[in-house]
Amino acid sequence: MRALPEGTPVFACEPILEIAAPLPEAQLVESFLMSQVHVQTLAASKAARVVTAAGGRLVTDFGLRRMQGADAAMKGGRAFRIAGVEATSNVLAGSVYGIPVGGTMAHSYVQAHASEYEAFRAFVASQPDTVLLVDTYDTLGGVRQVIRLARELGEAFRVRAVRLDSGDLLVLAKAVRRLLDEAGLERVQIVASGGLDEDEIARLLAAGAPIDGFGVGSRMAVSADAPYLDLAYKLVEYAGRGRVKLSPGKATLPRRKQVFRLSSGAEDVGDVLGLASEDPGAVGGEVGEGLEARALLVPVMRDGRRLAAGRETLAAAGERAREAVSRLPAPVRELGPADPPYAVRTSRSLARAARGAEREMLTARPSR
């Protein structure tokens, strides 16, 4: 098995993973592999956009209750972390994958007390460095209860932030910031949640919302605007010969392949999809002078056993993602459509192999 290392940006029509095995074995793992690769690639892609929109502010995964089942919630939390989401409200994912756990009290906790103030005081007694949820009844009224608590506790008051979860977040965040600052609580931050995605976060920040962090749930967890990726698992080589599919809109390229990423200095400028046997230097030379080409697909399993490249830590994958995304051209890193788009070319050798395999498939005669 060869694969792109986790955290590597991938583009349309590029192979993410390659299986070389007897045909029955390769078919047996098809559905499982596709489901695992699909949900995590989708989650990481959406989360990367959210992290980009947040512009360095804390992003916490609040998606557990809205994802499609427990396995998706666990693997999604892991994928979010690779994409740069700093914490998760999924305690089990935090425990299994070593992800920092974050969140706040529930609205029901506030409702279960005689008053909002009593709820805050009780919660702070056991969690002094917490984030207080202030919108159960009235957001600005909740903030005033936080200020009251700060005056009561004096130097013992260590609340880190208040959380806004409903209403006009732009208007409320500005009003809350003003109340906190007037009370001398400039160090208390504002965290926002409630129906957020990358576009809403970008809108809030562009309008000057004084928000320091975001809890993002449903829309990131299910990738609401793009809820699936059109992944395919196709036979490209059999019995030493290239195999292609020629169906309209679903044509495939033959043979074992390699993704060559082209670099100019500190920036990646495009990819070439070529044969696995091709030399990176020759591939780069096809495109232009001064470009460095590096092969991305690496062996991760052999004879049913994972290799070192298939045992990387979550932290290593996350660091690779941050570095790789930073190398992409600026238009590709923006939230809108890239202009110009990231270029993915086909090498001359792969193009020749595709033409040969097509001719062979179309002219083959049934054996007698």
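## Helices H7 and H8

In this predicted model, helix H7 crosses helix H8 in a right-handed manner, a crossing being right-handed if the near helix is turned clockwise from the far one by less than a right angle, and left-handed if anticlockwise. Helices (H or I, at least four residues) and strands (E, at least two) are DSSP runs, numbered from the N terminus. H7 covers residues 139–153 and H8 residues 169–182, and the two pack at an angle of about 20° with their axes 10 Å apart; axes are lines fitted to C-alpha atoms, for helices over the stretch in contact, and angles run from 0 to 180 degrees between N-to-C directions. H7 is therefore roughly parallel to H8, a label for angles under 35 degrees, while those over 145 are roughly antiparallel, 65 to 115 roughly perpendicular and the rest oblique.

Where the helices are in contact (heavy atoms within 4.5 Å), Thr-139, Leu-140, Val-143, Arg-144 and Ile-147 of H7 meet Leu-172, Ala-175, Val-176, Leu-179 and Leu-180 of H8.

## Helices H3 and H12

Helix H3 (residues 70–82) packs with helix H12 (residues 314–327) at an angle of about 50°, their axes lying 8 Å apart, which means that H3 is oblique to H12. Here Arg-78, Arg-81 and Ile-82 in H3 meet Leu-314, Ala-317, Gly-318 and Ala-321 in H12.

## Basis of the values

Residues are numbered from 1 along each chain as its sequence is written. Local features need pLDDT of at least 70 and side-chain atom pairs count only at pLDDT 80 or more, whereas totals for chains, interfaces and linings use all residues, and side-chain values use heavy atoms, leaving out hydrogens and water.
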